[in-house]
Amino acid sequence: MAGRQRQSQRPAAGRVLLPALLLCWCCRAAPERLRYAIPEELGRGSLVGPLARDLGLSPAELPARKLRLSAAKQYFTVSRENGNLYVSERLDREEMCSESVSCSVSFEAVVQNPLNVFHVDVVIQDVNDNAPRFLRDSLHLEINELTSPGARFYLGTAEDADVGSNSLQGYELEDNGYFAVEVKESPDGSKFAELVLRRALDREREQSLRLVLTAVDGGDPPRSGTAQLCINVTDANDNAPVFAQERYRVSLREDALPGSTVLNVSASDADSGSNARITYGFGETPAKVLQKFAVDAKSGRITLQETLDFEDTRSYSLAVEARDGGGLVAHCKVEVEVADVNDNAPEITVLSVSSPVPEDAPAGTVVALLNVKDPDSGENGQVWCELSGEAPLSLVASSGGSYKVVTASALDREQASEHRVTVVARDRGSPALSSSTALVLEVSDVNDNAPVFEEAAYSAYVEENNAAGALVLRVRARDADAGSNGRVSYSLEGGSVGAAPYVSVEAQSGAVYAQRSFDYEECREFAVVVRAQDGGEPTRSSTATVRVFVLDRNDNAPRVLWPVPAAGAAAAPFEVVPRSAEAGYLVAKVVAVDADAGRNAWLSYELVQAPEPALFRVGLHSGEVRTARAVSERDAAKQRLVAVVKDHGRPELSATATLHVVLAESLQEALPELSDRDAVSELTSDLNLILVVALAAVCLLFVFTVILMLFFKCRRSKSPPVFITSDKEMYSTLGSKAPYNYCNSTLPLPYSYEVCLASESGQKDFTFLRPAAAALSDRLLAGEPGSGADSGKDPPSPGSSAQRWVGNRQSSASPSGALLNSSGASVQGLGGTWAPDFSILPAQSRPRFVVCAPRRNAMLSEDVVYTRDLPYPRRLEIRGWCLTVALNPEQSRKSFGFAAATGFS
């Protein structure tokens with residue numbers, strides 16, 4: 001049962017699917033020209049037709065397809081909801097198409113997505129909304145009473161703006177006993193009335209007649225117009241004027257100038273006198289025609305009064321009459337054809353432009369719609385268009401003077417972001433007229449280009465021991481796309497094994513930075529892959545290889561492999577050289593390596609220490625230690641050689657190798673020497689320990705002494721000052737042999753001291769003594785012994801042991817001008833080297849002589865003072881770095897009269 005239902009449903013499905021396919025085919029095959037017909041004078045909002053449906057568009061598609069109308073004057077509008085075409089302006093056929101038999105309005109319907117154009121024609125059908133109308137309300141005729149029955153008189157033409165059956169169909173005349181009216185049709189199709197005399201007139205019975213002439217059209221219901229016909233019966237004028245031609249034809253160029261002669265008409269009259277005098281004029285002629293032309297009443301010459309326009313009116317019909325003096329009138333027809341002149345350039349209208357266009361649009365995509373019109377006719381109105389400019393665009397002609405601008409090939413925004421072309425339209429007139437309009441088409445970007453590196457592979461050379469974060473190099477990739485499609489970011493992708501921790505890349509700038517310090521000995525080169533990726537969708541990327549070469553620096557000193565340095569207390573190796581060895585004997589070979597490379601690893605050897613420098617030599621590049629001469633018996637049995645190994649880097653690094661050599665004929669002979677060396681080594685080790693402990697004790701004592709000195713000095717600084725500066729003039733007699741850098745001190749600059757006196761001594765206890773002669777100064781400066789002023793006059797007191805010197809195993813008085821060391825060590829005096837001992841000096845409470853000297857001197861390493869013949873000293877004290885000597889007041893003047901800087905307190 002279910003199977004039969006499925007079989008019954010299949011034909012039904014086929015019946016539903018077939019109309020749907022036909023509907024889709026009809027929508028795709030919508031015609032490019034649609035035609036509607038409506039009567040004129042429809043009200044606004046009246047329906048014209050279902051435009052969207054006829055174009056194959058459903059109401060749901062209208063918002064996306066954007067159906068709109070393109071026309072110079074908008075008589076119609078299209079609904080955005082249902083796509084129907086409605087009337088938007090009053091439609092008057094007579095105003096729009098004048099006397100043309102057919103009247104239609106043409107416009108374009110434009111749809112988007114994809115862009116297309118359709119031509120629509122709306123035929124305006126005539127309705128009988130205009131009644132026939134005479135140009136004049138009254139017509140006047142003068143007819144001679146002798147006029148024979150059957151005579152015809154032209155009454156003119158009534159106008160009816162309607163066409164077809166609604167136009168003028170005939171004339172009717174009011175009933176009378178003399179005249180009847182007949183309808184005549186001219187070659188151009190217009191109908192005019194002629195008055196026909198049926199019975200002879202008798203002026204004596206009726207001098208005038210007033211009749212009503214009616215013009216009737218063929219509408220339903222019919223409309224009519226009337227005019228008053230006034231006929232005057234005159235006396236006899238036997239001959240009426242006669243034109244040479246009943247119809248004149250002339251062609252006139254539309255560019256004819258006003259005043260130009262159009263035509264000469266002529267008429268003749270067989271009468272004579274006033275009845276033969278003819279005057280010319282226009283008969284029943286529209287006012288618009290009378291504005292264009294004029295006729296000379298006497299000569300019959302017709303001239304042009306205003307310029308003509310073929311596009312406005314292509315022909316004119318003139319009714320010319322000739323009247324004689326008796327009132328008889330003759331009529332003729334003058335037809336003026338306006339000849340077209342190529343005076344209008346083509347008009348280009350841009351209906352729609354799709355800009356920008358994506359660069360991946362396929363060839364044949366419609367990007368613009370144009371409409372080209374030329375009001376001229378014939379060849380003057382035939383137009384052809386072309387595109388001027390280099391662009392991948394072409395022009396495709398459509399119906400009704402429309403053109404489509406389509407892409408001729410693929411677009412590429414990177415080569416041209418916009419295309420400027422000029423649409424040129426030319427007619428086929430002579431001379432040809434043309435017009436042009438510029439068309440600008442922008443091309444939008446599509447991510448169709450991957451970033452491209454400036455180089456496929458980069459190389460960078462970086463010295464080892466570089467700072468972490470240092471710039472290695474910059475990579476740069478360029479993307480021809482724009483915006484986010486051309487924004488490039490960088491990242492690392494793979495490379496050589498273990499290269500990832502070494503460098504990093506900045507995403508925006510492409511700068512490659514070192515992540516850590518490089519070590520040439522660990523890694524000499526590595527490679528990483530940098531990927532450049534744009535921001536498009538989908539993204540595109542490319543890669544480049546960055547190879548980093550680490551340059552060696554001299555950061556490794558040579559390492560000695562042999563001889564092996566002794567570790568801790570282990571005995572160092574030694575070499576035994578027989579005493580019978582000759583010059584060139586190979587003692588040993590110093591083996592060293594350098595972890596650096598190149599010049600930094602080139603090693604050279606040099607012997608820097610040896611007990612017998614002339615006994616051994618070392619090869620500069622080989623490191624071989626050989627005897628430079630034959631070994632002799634005078635050479636020491638034990639030899640300690642120190643060789644330095646240097647590389648050639650900048651700066652040079654070096655290492656030392658110590659080689660112990662024993663000169664012995666055999667190993668048994670060398671053993672005693674080795675045991676002695678071990679004992680000496682132990683003794684040296686113990687002695688070094690003792691020296692270190694002693695040095696530490698001395699340093700502690702020195703620090704303690706300095707602290708005490710500072711303490712006492714601070715206590716003394718609280719007492720009022722007792723010294724004044726001595727006069728500097730006392731050295732002026734030293735003569736030319738005084739040192740050049742003497743100031744008020746006795747030691748050379750920059751080591752000098754000040755001489756200070758007590759505030760009372762300058763007046764009471766002491767006066768400076770100037771040397772008696774320059775020779776004394778010379779002797780003093782030269783350090784001659786016994787050069788004191790009174791060296792031989794004041795011997796020391798007998799039996800006095802005030803000056804007991806320990807030095808050179810002798811004791812005597814202090815030599816003249818001796819240099820005393822304040823610490824008690826031996827010093828260089830003017831007469832020899834001495835070691836003073838001040839422990840036996842007695843103490844006295846006497847005025848004291850004070851000399852202060854700096855700690856460092858150009859000659860001595862301790863603080864010194866000059867003394868001469870210190871007789872009868874009572875007490876010698878050392879305070880800090882100042883030497884204080886107590887003297888007798890009587891002897892003080894003679895004892896220190898020579899001093900360069902002295903003082904008492």
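## F243 and its neighbours

In this predicted model, let's start with F243, which touches Y248, V265, S266, A267, Y280, V320, E321, A322, A330, H331 and C332, leaving aside residues up to four places away in sequence.

## The largest nonpolar core

F243 also belongs to the largest nonpolar core, a set of 28 residues. Along with F293, I302 and V334, F243 touches the most other members of this core. Several strands give two or more residues to the core: strand 18 (247–253), strand 19 (261–264), strand 21 (279–282), strand 22 (293–295), strand 23 (301–304), strand 24 (315–323) and strand 25 (329–339). Strand 25 supplies the largest share, with 5 residues.

As general background, nonpolar side chains in soluble globular proteins tend to be buried together.

## Aromatic pairs

The rings are worth a look too: the model has 12 aromatic pairs. One of them joins F453 and Y490 in a tilted arrangement, with 6.4 Å centre to centre and 55 degrees between the planes. F453 sits in strand 34 (residues 452–453) and Y490 in strand 38 (residues 488–495), so this pair ties together parts that are 37 residues apart in sequence. Both F453 and Y490 are buried. Together with Y458, F453 and Y490 make up one aromatic cluster.

Another pair, Y461 and F549, is stacked, at 5.1 Å centre to centre and with 15 degrees between the planes. Here Y461 comes from strand 35 (residues 457–463) and F549 from strand 42 (residues 541–551), so parts 88 residues apart in sequence are tied together by the pair. Is Y461 buried or exposed? Its relative accessibility is 56%, so Y461 counts as exposed, the cut-off being over 50%.

## Charges over rings

Two arginines are placed over tyrosine rings. R199 has its charged end over the ring of Y178, 4.5 Å from the ring centre. R516 lies over the face of Y502, at 4.4 Å from the centre of that ring.

## The disulfide and other cysteines

How many disulfides does the structure hold? There is 1, and C97 and C103 form a disulfide with their sulfur atoms 1.7 Å apart. The link of C97 and C103 is right-handed, with 60 degrees about the S-S bond. C97 has a relative accessible area of 17%, so C97 is buried; C103, at 3%, is buried as well.

C385 counts as buried because its relative accessibility is 15%. C714, by contrast, has a relative accessible area of 47% and is therefore partly exposed.

Key:
Residues are numbered from 1 along each chain as its sequence is written. This is a predicted model: local features need pLDDT of at least 70, side-chain atom pairs count only at pLDDT 80 or more; totals for chains, interfaces and linings use all residues. Side-chain values use heavy atoms; hydrogens and water are left out. A nonpolar core is a set of buried Ala, Val, Leu, Ile, Met, Phe, Trp, Tyr and Cys residues joined through side-chain atoms within 4.5 Å. Buried means under 20% relative accessible area, exposed over 50%, partly exposed in between (1.4 Å probe, protein chains only). Helices (H or I, at least four residues) and strands (E, at least two) are DSSP runs, numbered from the N terminus. Contact means heavy atoms within 4.5 Å. Rings of Phe, Tyr and Trp (its six-membered ring) pair if their centres lie within 6.5 Å; planes under 30 degrees apart count as stacked, over 60 as edge-to-face and the rest as tilted. A charge sits over a ring if NZ of Lys or CZ of Arg is within 6 Å of the ring centre and within 35 degrees of the ring normal. A disulfide is a pair of cysteine sulfur atoms within 2.5 Å.
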